[in-house]
Amino acid sequence: MNEFYPLVYTFHFYLFGLVALAAAIVFVTRKSPVAAALWLVVVMTSLAALYVMLDAEFVAVIQVLVYAGAIMVVFLFIVMLLNLGTLSELGEIRGKWGRIAAALVGLALVAELAALSRAAYSLRVTVPARSGPEAIAETGGVIGSIAAPMFRDYLLAFELTSVLLLVAIIGSVVLARKRSEHDAG
Amino acid sequence: MNGLLAAVHYNTWILTTLLALPLAGVAVLALQSRAAAGADAAAKMEIARRTALALFVVEAALSVGLWWSLDYSSIEWQAAVTLPWIPAWGIHYKIGVDGIAVVLILLTTFLMPLTVLGSWTGIREKPFAFYAMLLLMTTGMLGVFVALDLALFYVFWELMLIPMYLIIGMWGGSRRVYASIKFFLFTMLGSLLMLVAILYVAFKTGGASGVPVFDYDLLASSAAYPAQAALWLFGAFFVAFAVKVPMWPLHTWLPDAHVEAPTGGSVVLASIMLKMGTFGFIRFALPLFPSAASDPAVRTVMVTLAVIGIVYGALVSMVQPDFKKLVAYSSVSHLGFVMLGLFAFTTQGMQGAVMVNLNHGISTGALFLLIGMLYERRHTRLFDEFGGIARVMPMYAVALSIVAFSSMGLPGTNGFVGEFLVLIGAFRTVPVATTIATTVVIIAAVYLLWMVQRVIYNPLARRENAVLHDLNWREVGLLVPLVIGIFWLGIYPAPILNRTHAAANRVIERVGGVPEVNPTELTVRQ
Amino acid sequence: MTFDLALPSGLLGAVAPELILIVGAMALTLLAAWRPETDAHQRSVGKAALWLLALTAAAVVMYAARGASAAAPGIIAVDGFRWAADLVFLAAAAATIALGIESNPKDRFVTAESHVLVLLSAVGMMILAAARDLMIVFLGIETMSIAVYVLAAMDRRSVRAAEGALKYFLLGAFASAFLLYGIALVYGATGSTNLAVIGETIARFGLTGHTMISIGIAMLLVGFGFKVAAVPFHMWAPDVYEAAPAPITAFMAVAVKAGAFAALLRVWIESLSMMDAAWLAPVWWVAVATMVVGNLIALSQRNVKRLLAYSSIVHAGYLLVAVAAGTSLGTSAFLFYIVAYTLANFGAFAVVAALGEPGTTGPAIPDFEGLWSTRPWLAVGFGVCMLALLGLPVFGGAGFFAKWYVLQAAVTSPHGLVLLAVILVLTSVVSAGYYLDLVRAMFMRPRPEGARNPAVPPYTRVVLVTSVALLLAIGLFPGALATWARKNAAVTPSAARSPFAQGR
Amino acid sequence: MLAESLALSAALFTIGVVGVLVRRNAIIVFMCVELMLNAVNLSFVALARAHGTAGQVFAIFVMTVAAAEAAVGLAIIIAIFRHVRTVNLKNINLLRG
Amino acid sequence: MQEAHPLAETAARFIWWLPTLPLIGFLINGALALAATAKPGPADPSADHGHDQSTGPSHAASDSHAHGDDAHPPRHRFARAVSVVGPGVMVLAFGLALAIFAVMRGAEMHAPYINTLFSWMPVGDLQLDAALQLDQLSMVMVLVITGIGMLIHLFSIGYMQDDPGYARFFAYLNLFVFSMLLLVLGANMVVTFVGWEGVGLCSYLLIGFWFTEKANADAGKKAFVVNRIGDFGFMVAMFMLFANLGTLNYVDIAARAGQFAPGGALVTTICLFMLLGCFGKSAQIPLYTWLPDAMAGPTPVSALIHAATMVTAGVYLVARTSMLFSIAPVASLTVALVGAVTALFAATIGLKQWDIKKVLAYSTVSQLGYMFVGVGVGAYTAGVFHLVTHAFFKALLFLGSGSVIFAMHRAYHAIHNHSDDAQDMRNMGGMKRYMPVTWVVMWVATLAIAGIPPFAGFFSKDEILGQVFARAHGSTLASATYLGVSGATVLYAIWILALAAALLTAIYMTRMMLYTFHGPNRTGDGAQSHLAEAPWIMTGPLVVLAILSAFGGWLNLPETVTEMIPLGPTAVLEHWLEPVVGGATERIAAGSAHTAASTEQVLLGVAIAIAVAGIALAWTRLRPSSLVPKPLAEPSTGFQKVLENKWYVDEIYDVSVVKPVYATSRGVLWKFFDVGVIDTLFANGSAALARFLGWVGSQVQSGQLGTYAWLLVIGAVLVIRAFAQAGG
């Protein structure tokens, strides 16, 4: 799969990749939940950019709209609601040794996962690369190319997500609801 | 007799009936306990013990026919029944007996009514449950003796565990909880390893067909595993049976279990349950893995452990301050004789082992009953508390003396026949070990006579002993059959020996032992 | 009955039982929200939920009886294993609801929605049992889990419940991420998430040594390990089980585990197990660690729910042995085992629910002391369940043959798992230490002064009696269940492509 | 760019894991999990170029799941906050042993 | 049997009645004994036993010192019946024995008559029958047992008349006779062994007859246990025989003994193991210590069991298995040597004993040593001959002493003296005035045992000494090498030891007679007046035994004597026993030159001289008048003290064997290994370890979500590592 990529493409790819990486590191080291949440939004947005570059425009849009938008807003909303900016809540990061240990475990994990990128070159799958504008056009445009698998191959999964959301709705309603007098005692 | 039995097709239903009757009895007791819910404790006890006694007497009466109805010279299974049980797994309800099994079955059915009588007044709490446990255990024990399917065997084998555990734990002495769990864990550890071995054997033998073979006959006739595997398998069976026997050094659950168990529990435990272990060797461990069993190293280990058990049990028994503990350790010694006899691989040794099994069942059962009688009167079992009670309990003294001498192996009593046969048989193949084991005739005399002396002889120093009642008619009645058994087996054991001969020889041939030696061919070894 | 899964109608037909349950659950949601939270309302919703489960079960049975099958392998399986597992989930859900109807007021939450959530969670499980696609597996697991996260937090008055739910949720999400990553990597390596395709691709291209597939499977294992509470991914289980109301704990211990195992079995056996003997080692070690650690820690537990939590960890270890066997015999062993395990656990939790007092995290061992003298049948029932979990024949009923079956699977495995079988039995000796502790408390100790002897309410009683009766019956005549398990072990191993001989 | 994407994905995933390990604020821990899901999504999308758009569909499903989890998870966090007035996991350890 | 045995259709076919008669007696008397004392308890034994409080303790107390101390206890309820049954069966048995004897005398029999009763242990090639064997040797034993047994039973009627255990006593005595007859009549070693152990049992029961005294119970136990040490040897010998010959029947052993290499290690080992049994039963060094203690039993028991019959079983067994011993010279020499050493050793102890029965006990040990010397050197007839004469005079001595003790008891009892010892010679003295009959018969027995002609002991003892001397001059024994020493040397040493023992025997017996019957009476003033001769039922048997002791020598008059004085037929017993032991004797004596008549006469003279010297020495040196009653006696010192304490052998055994075994069993095996290692360390230890590990595990379960996540991640890293490796 040694495709040729224009330099500008490569540059931007690396740029957004580095931004995402840096933002992620900043995200986990922020004491304030609000700051952390905002940095996470940066990560997500960068990823959205990468999605575009990976020919997944629709996913990128959803990423910005749903993820960086809706979900993270809810997070921020909760952080604000609970007023978690207090000092006691801020001193929650583990101590030096905890961080060092975590870094070590992280390194171990990365070392293991690093093999993945090498492995990518050796993928012996012969599925033709169905990317690029032509392919997209063939399969019905940006949306259409997604619609096919989603509503044909993965129809069941799609329907299942509705059940999942139903569960989530019932669950969050039940949990967030004010206590009734029956269980108030 | 034979004609009558044949006329009612006795052989076709007897074994199953023997297994089922106690279970039916459990149901009866459950119903009765419901019905008697409001009654006072004494009435409950009365109902429960009468029902149990009646059931066991019927059981015993039914089983007696086995004495005549079977062909003991045949090497075919007698009274055999085969029905599918779990066909999906190749498991059958296959039962049948040979001479050795019949002897142990009769021992069981003969002792159980006596056990009930021995518990007659001792069990006041929750009598229904107690007798139900005894009944359940009976099914388990008989099941082990008749099972010819390894899966079925295993089920029966474990079936005994819980009733005994509860009997010790619910009706036992002060350290009953510790003793019961110890009993359970020791036994379970052994049997679970055996379970793995059984499965392995079944599937290895089933082989390409894919259906596991649990059928005893097929396994015992085909079994050919790699030598290494056979050793491991034998080892797994060994642990299961050795714990039950118990062989040194896996014996330490026994003293605790005996001391804490109520009289009935001790009797069943010593007289019948320990026999499961030795029977397991005879029926399963040896014939299934003859190559491992006859491996010189294995045999050396077995014989060594047996002899250590014999001597060790006797020596430790000698210094026990507690009546029951003494008898418990003496069991270790006695069962060591059985193991020695088994691994002698001679006819005399094997049949002697069966005899010792039987004798130990009778003698030790009687001893525990006697201990129970004393305990009911004095609520202690420490020798220091007794002395001189032959003065006030002459009948007790007579019974205790007879039983003690039987346990010691005095000629004329059953104990001698078994011990003698084991030793004379074992001497042919393992002379040094046998000679060491023979020294136990001395130690046995020491501990048993000391026991007798401290209980019934010596000055009648304690006031509370001076007012003891002698045995009542119930107690006399339950001891008389045992005493008769002691002398019968001591003086005229030939009927038993003739009945176990073919079965014993089959095992010996399987392990390549010395079934018969023609004296004229013997050359004197210098 | 053959469904063409490529057609929407065929797909619809193939998931009809799930649909019944989903639609019913939606209706019940409305019903639940219809009226204020009263105990009577909760009861009626609960009863309706039971009927719904019965209906679903009827559908499942019908499908099973008609021998429903798929025209071609698709995104979901239409086979006996699915129906068999479904019945277990439905029974577990029914038992949970039955216990919950009576336990909710005592645990001071009377939310009718809890029943609905149980139903929806059951839907997730049914999907899991059917899934032949990793994406479906993921969605099924999430459906099941999210419902259970909520159920764990259901007792809103209890700080413990909230804490338990939080731990469960955070760790659950964390583990899900691993699972998902695993799916991504497997997808990356094979180009598909369909189990059959994965298996074929691995075989065709000899991917067994490929880093991406290896790490992907490892991640999958981590994710499943978490859901089934295998060591070292088990840490959430005791805390959550202790905190949740008894019926919910039972549901988690039984149904959630069963669901995760059903999926794991499919994934493992349909596409992975026979590929590379080296893949066995991690499973082997996880199974051993689970059996050993679970049993040891259980020894020091006093709270019975917590004890049963560790017990459930242990049983996950035993089931992992069946998984490790990697044969269809392992699958049928799983089916048999899960039935026995379900019965024993629900029997036990019925008693725990009956004995539990409001405001506590459930009864402790001393609360069982002398139970035999005041509630003999309760004690006997609980005792049977303990012995079943211990795996003793006759008295433990089906529990024995369950273990027997797993051992069979291990012993016959082409991987040669005899040592694992030996470890299994050795650790189960340790388990006698705590199971018998309860038996001993009930039967060998006097009832303490002032101990409560609560009456056992009718639904709880039904659950207990049914469980115990079935346990004992199966214990004596396991043939039918064995045949059933055998017949429905239709998860076909990818053994045709395997370098190993096909095991049974 | 597949290899780079996968590497980035792995790195982000690891950062998420490390975050879960070092943070004790329940919400931040949860956000770390979200980061991990995002990392996986990147893998899906990247792999989709090799294997077809199904990977993109998976990414969308994952987002749905993330949303559902967020709803329920935040509700649970609120629930615990009601009881102990904190979301610091260090202080939430009634259940142990 | 190819043709009918000459005894087949004669009275001998009733031989099984011989043991059966006493067995019936045992059953009847036993039943009576139990019936007299037993009182069944209430149906519920744990019921309150307070209601019996009044009778209980007093009943127990009254029996606490049973043998006739209390104010005329009523006679046994069934005394009359017991008095008929107990001795009655003995009379019948003796009659039957005589009848069979008469038949045998007329029959020409070369092979023993075997009477098979039933198949006992048919196990493969081991076909053991319950079978009796009648031959000349067993006939002799049967006559001794039933004859002397009968006399002693009769004596006991008087001696035990006041004892509350009267019926029990006769039951045991009958049982003993039964066992003893089984022992001598057994056709195979196992049946013999039944009797062998049976007599041990009865010995145990009778020694501990008054069991409420701990000392008595201890003595009984000791007897049994020491005997069991011997039994161990017997059993091993049986096993070896069976393993090598494939049979245990005496007839077959005799037939197959030729398979053994003469003098080989195997047959020697077998014989040595068998010897261990004989030494135990017959109280030889090192297993003799039980016999003196056994005097705790009633005196008739001492007479019957511990003098006349049971203790001679060892001698009998050696004679019975002479076909083996005769081809094992080393074993035979061991027999003789141990016998000789024992004879001397026991005699030294006998010198300083004060208890009249203890003197006799050591005397018995010493005389048994003589018998072993006899059978050891292959003079089986001589051994058996001494066995028979010893049975006469030692039974007489014991019964006589019993008569004295009976009188002493009655006297003490009459004045309610419970403290003084009725058996201590220092409390006696001058008894001849009160008990003339006893005095006379006792002197007869004393002269007999000392070896004064023409009393029985002289002939038998001289026979043995002569044979030892003869063997030293050429026999398989003399030519064998014993532990590096030539057999002849050993035989000479034996001869000298035996002579020394004979001297000491004369001394201590005379001492006993002097202190008991002569000199002043030391019983005490009050009691003195109550001393009286025993009733006729007791003195009658004494007189009969005295006659036998006096003329028993006629059974086997030596040629040397008959050549000089024609007293009667020569060597009757030797001819009688010839079919049984003749072959063995010849085998041992092979190559011996006939001792010259003159040498034999010199030897005779030496024996007589020694006996006379001993008596004279004691008579002149001992001063009965200087004795003081036991309570006033000063403790002895020096060597005397060593002798009085029996060379401290009991103490040495106690310290070197008994205590270490007990200490090891308790301290090492039980407390350390059983309780410590297996239970605490392994069983409970592993349980505790499991619990501890569980506790540690539960501590890791800290409740901190961080910890959980950590473990999860570490687990994940490990699993990934494992898979990656698998893949890599």
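How far apart are the nearest C-alpha atoms of chain B and chain D?

Author: Chain B and chain D do not touch, and their nearest C-alpha atoms are 25 Å apart. Touching here is about contacts: two residues are in contact if their C-beta atoms, placed from the backbone, lie within 7 Å. Residues are numbered from 1 along each chain as its sequence is written, and chains are lettered from A and ligands numbered from 1 in the order in which they are written.

Strand S1 (residues 78–86) of chain B runs antiparallel to S2(B), and six bridges join them. Helices (H or I, at least four residues) and strands (E, at least two) are DSSP runs, numbered from the N terminus, and two strands pair if DSSP finds at least two bridges between them. Strand S2 (residues 91–97) of chain B is largely enclosed by the rest of the structure, because six of its seven residues are buried. Buried means that 20 or more other C-beta atoms lie within 10 Å of the residue's own; exposed means 12 or fewer, partly exposed is in between, and C-beta atoms are placed from the backbone.

How confident is the predictor about this chain? The score is pLDDT, its confidence in each residue, from 0 to 100. Chain B has a mean pLDDT of 88, and 97% of its residues reach 70 or more. Over residues 518–526 of chain B, though, the pLDDT is below 50, and beyond near neighbours in sequence this stretch has 17 contacts in the model. Where pLDDT is low, the predicted coordinates should not be read in detail.

On to the neighbours of chain B. Its contact with chain E takes 73 residues from chain B and 69 residues from chain E. On the side of chain E that touches chain B, H7(E) gives the most, with 16 residues. By class, that side has 38 nonpolar, 18 polar and 13 charged residues. For that count, Ala, Val, Leu, Ile, Met, Phe, Trp, Tyr, Cys and Pro are nonpolar, Asp, Glu, Lys and Arg are charged, and the others, Gly among them, are polar. Chain E also meets chain D, in a contact that takes eleven residues from chain D and ten residues from chain E. The side of chain D that touches chain E has six nonpolar, two polar and three charged residues.

Chain A has no contact with chain B; their closest C-alpha atoms lie 37 Å apart. Chain A has eight helices and zero strands, and buried residues make up 39% of its 185 residues. Its mean pLDDT is 79, with 77% of its residues at 70 or more. Among the elements of chain A, helix H4 (residues 87–90) has the lowest mean pLDDT (58), and helix H2 (residues 33–53) the highest (91).

Key:
Predicted model: local features only at pLDDT ≥ 70, side-chain atom pairs only at ≥ 80, totals over all residues. pLDDT = per-residue confidence, 0-100.
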